[in-house]
Amino acid sequence: MDYPERWEIDDDPSLDEAALLEMLRAMLEIRGLEDEIQRAFTKDLVRGSTHLCTGQEAAVVGACSVLRTTDSMVCTYRGHGAVLAKGASLAATFAEIVGRETGLCGGKGGSMHLTDAGVGAYGSFAIVGAHLPIANGLALAARQQGSDAVSLCFFGDGSTNIGAFHESLNLAAVWSLPVIFFCENNLYGEYTAWRATARVDRLADRAGSYGMPGVRIDGNDVIAVRRATGQAVERARAGEGPTLIEAVTYRHRGHSRTDPAKYRPDGELERWLKVDPIRRLENLLATRGVSPERLQEITAAARDAVRDAVEEALSAAPPRLEALYEDVYA
Ligand SMILES: Cc1ncc(C[n+]2csc(CCOP(=O)(O)OP(=O)(O)O)c2C)c(N)n1
Ligand SMILES: [Mg+2]
């Protein structure tokens, strides 16, 4: 079944209130920035396309919450949230998306090419599955350098039918590479339901073919995501090799740009809005005794941070013409 079994999410007593509030803040900022990116897109401030992760915040925030800055992360074109969760600045991310020189890549990469090596975000990739071998390379590099850093790779359900997925999982298993293969199964690859493209009941079961553990989790439960990723990271750091995580989630918006997502059955979006990952974490915090006023404060602070970031980014200049010849590898 591709829907959470329960609405409430289980508490984890090992996490203090500050850790939970920090995850809430990160999820709210991602949600807020995605709204601003959509607004900027409709105002023609974004060149190319956008692929928003609205609804999938628990997956990227929960997973990145157990990483260190020195751990690496790669993701897909639906990667604004992943890069922010890994620690990139709101202003520099937004500036990149609207093509300003203060952007993560000097405004020359755009929405689908967000890179911030300083925080271990080694790129978002537009070619489906192309970055799984790169995640292996980052893991191998870490091991050869004698570091215990791990490599986390986000990808969609669509990637699991691409050749590079199978080659990468096999090689990572054979070489016991410290990789966490993190599949955000948001039920669709572009306009096609994932169940129309696979005959397995759980994508996580594919891990068995390569001799690594595979787990399927509620991807809208930030605590469950954090726990599963934490276990995979521990295994990887201990030299025990890769893990495949399938986090079942849902994108609230269409695939890209202004896709109205007419291919989704009536009522499906409304059902998923009921299991919004942010509302579920807020509910958990309320059961811990965090007051509604405190939650509102966090929400307001996230809104202000997003507004300031957007203002800062939009006041920056586009890249200089000469920048065209900089950062060129030749
Ligand atoms: C190799 C390749 N084939 C096709 C495409 C076109 N394409 C872009 S996104 C996408 C769907 C991928 O779906 P999924 O992996 O589930 O990620 P999601 O968009 O749901 O996050 C496709 C087929 C591409 N970018 N790369
Ligand atoms: Mg998908």
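How many aromatic pairs does the count come to? In this predicted model, the count comes to 6 aromatic pairs.

**Aromatic contacts**

One of these pairs is formed by Phe 154 and Phe 182, whose ring centres lie 5.1 Å apart. The planes of the two rings stand at 65°, so the pair is edge-to-face, the cut-off for that class being over 60 degrees. Phe 154 belongs to strand S3 (residues 151-156) and Phe 182 to strand S4 (residues 179-185). Elsewhere among the aromatic residues, Tyr 3, Tyr 250 and Trp 272 form one cluster.

**Packing of helices H2 and H7**

Helix H2 packs with helix H7 at an angle of about 40°, and the axes of the two helices are 8 Å apart. That angle makes H2 oblique to H7. The crossing in which H2 passes H7 is right-handed. The residues that make the contact are set out below by helix.

| Helix | Span | Contact residues |
|---|---|---|
| H2 | residues 57-64 | Ala 58, Ala 59, Val 61, Gly 62, Ala 63 |
| H7 | residues 222-237 | Val 222, Val 225, Arg 226, Thr 229 |

By class, the contact of H2 with H7 comprises 6 nonpolar, 2 polar and 1 charged residues. Arg 226 of H7 takes part in this contact and counts as charged, while Gly 62 of H2 counts as polar.

How values were computed: Residues are numbered from 1 along each chain as its sequence is written. Chains are lettered from A and ligands numbered from 1 in the order in which they are written. This is a predicted model: local features need pLDDT of at least 70, side-chain atom pairs count only at pLDDT 80 or more; totals for chains, interfaces and linings use all residues. Side-chain values use heavy atoms; hydrogens and water are left out. Axes are lines fitted to C-alpha atoms, for helices over the stretch in contact, and angles run from 0 to 180 degrees between N-to-C directions. Helices (H or I, at least four residues) and strands (E, at least two) are DSSP runs, numbered from the N terminus. Angles under 35 degrees count as roughly parallel, over 145 as roughly antiparallel, 65 to 115 as roughly perpendicular and the rest as oblique. A crossing is left-handed if the near helix is turned anticlockwise from the far one by less than a right angle, and right-handed if clockwise. Contact means heavy atoms within 4.5 Å. Rings of Phe, Tyr and Trp (its six-membered ring) pair if their centres lie within 6.5 Å; planes under 30 degrees apart count as stacked, over 60 as edge-to-face and the rest as tilted.
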